[in-house]
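Keep the picture open as you read.

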Amino acid sequence: GASRVNDFVYVVQASRPIDKMPTMLRRLEAVLSNESIANSVVEQCLISAKAEWMNKVKVLYKYKRSSPIQDIDRMLSVLGSEREDLPLMQFWTRGLGQQYRSGVLCR
């Protein structure tokens, strides 16, 4: 279905079953498809989701750099994530600033 927020129309379509989509996308789809949620609440949900996921990505990045990941499923569980989240988290890793990445490698 389509949702409207501040003159933007969001259409959520999936090329695979929604239960196999990353947790972040399922969460955003639920917020954006609920037309009874005020735009200001949607905005805060987006800001909160971004901050939460950037923190997860930073932890994953630091962990991967400090030791080899032997049990990725356990690490994802600690982060409150699932295997479906891994490609999205790896994509977001590329968005980490050079200063952050350099700082992690120097510690």
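**Reasoning about a helix pair**

In this predicted model, T93 touches V57, Y61 and R101, leaving aside residues up to four places away in sequence.

Q: Why is T93 called buried?
A: Buried means under 20% relative accessible area. T93 has 16% relative accessibility, so T93 counts as buried. This residue, T93, lies in helix α4.

Q: What makes α2 and α4 roughly perpendicular to each other?
A: The axes of helix α2 (residues 39–66) and helix α4 (residues 86–93) cross at roughly 85° and come within 9 Å. Angles of 65 to 115 degrees count as roughly perpendicular, and α2 and α4 are therefore described that way.

Q: Which residues of α2 and α4 meet?
A: From α2 come K50, W53, M54, K56, V57, L60, Y61 and K64, and they meet L86, L88, M89, Q90, W92 and T93 of α4. Sorted by class, this contact has 9 nonpolar, 2 polar and 3 charged residues.

Q: How do you know on which side of α4 the buried residues lie?
A: The buried residues of α4 are L86, L88, M89, W92 and T93. They cover an arc of only 160° around the axis, so they sit on the same side of α4.

Q: Which residues have the most contacts inside the largest nonpolar core?
A: They are M24, W53, L60, M89 and W92, in a core of 17 residues. Helix α2 gives the most to this core, with 6 residues. As for W92, its contacts are M24, K50, W53, M54 and V57, not counting residues up to four places away in sequence.

Methods. Residues numbered from 1 in each chain as written. Predicted model: local features only at pLDDT ≥ 70, side-chain atom pairs only at ≥ 80, totals over all residues. Heavy atoms only, no water. Axes fitted to C-alpha atoms, helices over the stretch in contact; angles between N-to-C directions. Helix = DSSP H or I, 4+ residues; strand = E, 2+ residues; numbered from the N terminus. Parallel < 35°, antiparallel > 145°, perpendicular 65-115°, else oblique. Contact = heavy atoms within 4.5 Å. Nonpolar A, V, L, I, M, F, W, Y, C, P; charged D, E, K, R; others polar. Buried < 20%, exposed > 50% of the residue type's maximum accessible area, 1.4 Å probe, protein only. Arc of directions from axis to C-beta. Core = buried A, V, L, I, M, F, W, Y, C linked by side-chain atoms within 4.5 Å.
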